[in-house]
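Have the viewer open while you read.

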Amino acid sequence: MTHHPDKDYAGAKLGMWLFLFTEIILFGGLFLLYAVYLRSYPQEFAAAGGQLNWIMGAANTVILLTSSLCAAMAVTAVQRDEPRRAAALIGGTILCAAGFMVIKYFEWSAKIGHGIYPGSEHLKAGAAGESVFFSLYFLTTGIHGLHVLIGAALLGWIAVKVKGGRVNGGDYILLENGALYWHLVDLIWIFIFPLYYLVL
Amino acid sequence: MIPAQHPQTSFWNDTGKTGIASWIFSTDHKRIGLLYFYSTFGFFLVGVLLGLLLRLELMAPGRTIMGAATYNAVFTVHGVTMIFLFILPGLPGGFGNLIMPIQVGARDVAFPRLNLLSWWLYIIGAAIVLVSLFTGGGPPDTGWTFYVPFSARTGTNVTLAVFGVFIIGFSAILTGLNFITTIHRLRAVGMTWGRLPLFTWSLYATAWVQVLATPILAITLALIMAERTLGTGLFDPTRGGDPIMFQHLFWIYSHPAVYIMILPAMGVVSDIIPVFSRKPIFGYKMIAFSSLAIAAAGSLVWGHHMYTSGMSDTAVLVFSFLTFIVAIPSAIKVFNWVSTLYKGSISLEAPMLFALSFILLFSIGGLSGLILGAAATDVHVHDTHFVVGHFHYVMFGGTGFAFFAAMHYWLPKFYGRRYAEKPAIVAWALMFTGFNILYFTMQVLGMQGMPRRYYDYLPEFATLNLVSTIGSWILAVGLVIMLVNLFRGLWWGAPFTGNPWGGASLEWSIPTPPPTENFLEEPVVTHGPYEFASLKNDGTV
């Protein structure tokens, strides 16, 4: 077949954007629960939110924004047919993703060390709103972390294709869509960070 | 799987590959469509069998063939099978895949490999659901709605079943985004939005609901799994959670999902009625628009499932009002179908009979839906057999009969052979009669106060329950006749070539059965899908 439907750029992007909508709505369910329970337990949420380490959260925000910058620059590099630079930039994104997960690991293990995790005895004994807050916190950041891992793996796979020349200046939709997915992962964190670390 | 002796080469054999692998790894939308059709229809038959068992249990008061716990499991598995394994993927995955790309004048969907992945995800999800029935604590007994707190506490295998449905949700999302992209990007030259067949229009509206609503199902099911495995307590009042929030999340998906089930069925009927009335569809634009209106308004009415759950009165009022709004676009469709019939040259062949009974049964189901949509009447019939009767009228009488209409109308196109007309009409008459005996009695029983989801009932309900069960047998006999006649016809029946129904949409302009590439040359569309005057004397488009 001469014009394979896969090479319909606008179509491929449309499909990706539709998929991104579904991701936003998936997290939307969790944000909806956050909104309703915040209204039920404003004080408990404030107390629990104060226990989160906003410096680590801010560091992760900077890291993710940097990673998104790298991803966007990688797209430009591929458009200019600079595969080595593009692969290096994707490497930067993946490195940032790893840094994000390491910080997340320290945050989570500190909380778990204090007996704060879904279903823990400590939370069962404490205020009801606090248990709801931390259950939501672990679920939301957990599912987000899963998306970081998936996005990083996806970009790693694309980086191999960039190096091999199969993603190039003439055919880079795969990288563009991969970068779009990465921006979504970033975008969702941009909502999680203020809601859990800052506004309470 | 190949039907006997095709007159010419077609997608069944023109690639030279006919083995099982050439089917289950095919990216051809027609092969995937048939895979979807047979797998979903297989689950439909399983669901029918379970439904018959439920009716058998309710034939007489007290324990008839199963106890309370078994009954709970059977109605749960009946619901999960019918909804998640048959109705939701059935029409879009089956006939949507078979017909839609041809109707827009494309060789295939926009993402053929993603399409194959959709089917695989569906099969994997279905397999997980099946495994959940025989492992762990046994089949789930929560009802298909998985309401907390029971679903968080029951010892049955809810987690695995929910995980299977979660996977199937991905399959629906991928089908939806594939169809939207196909309809936007791959329409043939001259195939304007105003020339899209109404079946394709309905799939377009459906696809948006699949894309925008299914993620909420995914997160809701993930929350059940977290509730059961991690003990998150988000819906547990003793831990600060609110069970009503589960119901909100569940119905934010599951009410729009009802429109995923009914919209394509409306599309099937909109395509069949003008063809068998020999008359262009009345109000094309309004039917297309009402599909989008139903999809949009239908996303805002989920709360009408929760009038007795303890929502605020304001919320009840708002949801009740919005529910009545959905009735408007639905009624637009019904009136337009009836106006199409008016002064038409109606030919009562099997697809038309199924389509006509759709109008009647859907109208009964829709009107009883208004009784449930009005909060004042709903509190009296909530969780009674009236609700069971209502949604079977809409889902089975509506979507089910439209599915049968589509089977008689479109499957011969893909086999090049057809069923015998007389047995098809006998089967239709039996099914239509049996259906009404089965479900109308349920609505009466519900009005009298018989609750749903109990294996036992008070003696005063005995007569009508017996009548209802007898109706289920008549329906089953009709179904068996229909299947034997239809599938015998598709394999060994009389040849079906050219354009015997006299349709004017693109699927009737290509060879029967279609070649893998669908169109022998790039189609150029010069007329609308219901302009029958454009048909040549030999019936070609």
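This is a predicted model: local features need pLDDT of at least 70, side-chain atom pairs count only at pLDDT 80 or more; totals for chains, interfaces and linings use all residues.

What follows covers confidence, the first chain, the contact between chains, and then some local spots in the second chain.

For the complex, the predictor reports an ipTM of 0.93 and a pTM of 0.94. Chain A has a mean pLDDT of 93, with 97% of its residues at 70 or more. There is one stretch to flag there: residues 1-5 of chain A have a pLDDT below 50, and beyond near neighbours in sequence this stretch makes 5 contacts in the model. Chain B comes out with a mean pLDDT of 94, and 98% of its residues reach 70 or more.

**Chain A**

Chain A has 7 helices and 0 strands, so its pattern along the sequence reads α-α-α-α-α-α-α. Its C-alpha atoms fill a box of roughly 65 × 30 × 25 Å along the principal axes. Of the 200 residues in chain A, 40% count as buried. If you look at contacts in chain A between residues at least 6 apart in sequence, 78% of them join residues at least 24 apart.

One helix pair is worth a look. Helix 3 of chain A (residues 54-79) packs against helix 4 of chain A (residues 83-113) at an angle of about 165 degrees, with the axes 8 Å apart. Angles over 145 degrees count as roughly antiparallel, and that is why helix 3 and helix 4 of chain A get that label. Helix 3 of chain A passes helix 4 of chain A in a left-handed crossing. Sorted by class, the residues of this contact between helix 3 and helix 4 of chain A are 18 nonpolar, 6 polar and 3 charged.

**Where the chains meet**

How many residues does each chain bring to the contact? Chain B puts in 29 residues and chain A puts in 27 residues. On the side of chain B that touches chain A, helix 6 (158-185), helix 7 (198-229) and helix 8 (243-277) each supply at least two residues. Helix 7 of chain B gives the most to that side, with 8 residues. By class, the side of chain B that touches chain A has 18 nonpolar, 8 polar and 3 charged residues.

**A helix pair in chain B**

Now move to helix 11 (residues 350-373) and helix 13 (residues 385-415) of chain B. These two helices of chain B pack at an angle of about 160 degrees, and their axes are 8 Å apart. Helix 11 and helix 13 of chain B are therefore roughly antiparallel to each other. Helix 11 of chain B passes helix 13 of chain B in a left-handed crossing. The contact of helix 11 with helix 13 of chain B has 17 nonpolar and 9 polar residues, and no charged ones.

**Backbone spots in chain B**

| Residues joined by a cis peptide bond | Omega |
|---|---|
| V148(B) and P149(B) | about 0 degrees |
| T512(B) and P513(B) | about -15 degrees |

P149(B) sits in the loop between helix 4 (112-134) and helix 5 (150-153) of chain B. P513(B) belongs to the segment after strand 2 (494-495) of chain B.

Next, positive phi values. D383(B) has phi near 60 degrees, a positive value in a residue other than glycine. You'll find D383(B) in the loop between helix 12 (375-381) and helix 13 of chain B. With 13 other C-beta atoms within 10 Å, D383(B) is partly exposed.

R453(B), also not a glycine, has a positive phi near 65 degrees. R453(B) lies in the loop between helix 14 (421-448) and helix 15 (462-492) of chain B. Is R453(B) buried or partly exposed? R453(B) is partly exposed, because 13 other C-beta atoms lie within 10 Å.

**One last residue**

F335(B) has its place in helix 10 (residues 313-341) of chain B. F335(B) has 14 other C-beta atoms within 10 Å, so F335(B) counts as partly exposed. Which distance separates F335(B) from G283(B) in space? C-alpha to C-alpha, F335(B) and G283(B) are 9.3 Å apart, while in sequence they are 52 residues apart.

Terms used
Residues are numbered from 1 along each chain as its sequence is written. Chains are lettered from A and ligands numbered from 1 in the order in which they are written. Helices (H or I, at least four residues) and strands (E, at least two) are DSSP runs, numbered from the N terminus. A residue is buried if 20 or more other C-beta atoms lie within 10 Å of its own, exposed if 12 or fewer, and partly exposed in between; C-beta atoms are placed from the backbone. Two residues are in contact if their C-beta atoms, placed from the backbone, lie within 7 Å. Axes are lines fitted to C-alpha atoms, for helices over the stretch in contact, and angles run from 0 to 180 degrees between N-to-C directions. Angles under 35 degrees count as roughly parallel, over 145 as roughly antiparallel, 65 to 115 as roughly perpendicular and the rest as oblique. A crossing is left-handed if the near helix is turned anticlockwise from the far one by less than a right angle, and right-handed if clockwise. Ala, Val, Leu, Ile, Met, Phe, Trp, Tyr, Cys and Pro count as nonpolar, Asp, Glu, Lys and Arg as charged, and the others, Gly among them, as polar. pLDDT is the predictor's confidence in each residue, from 0 to 100.
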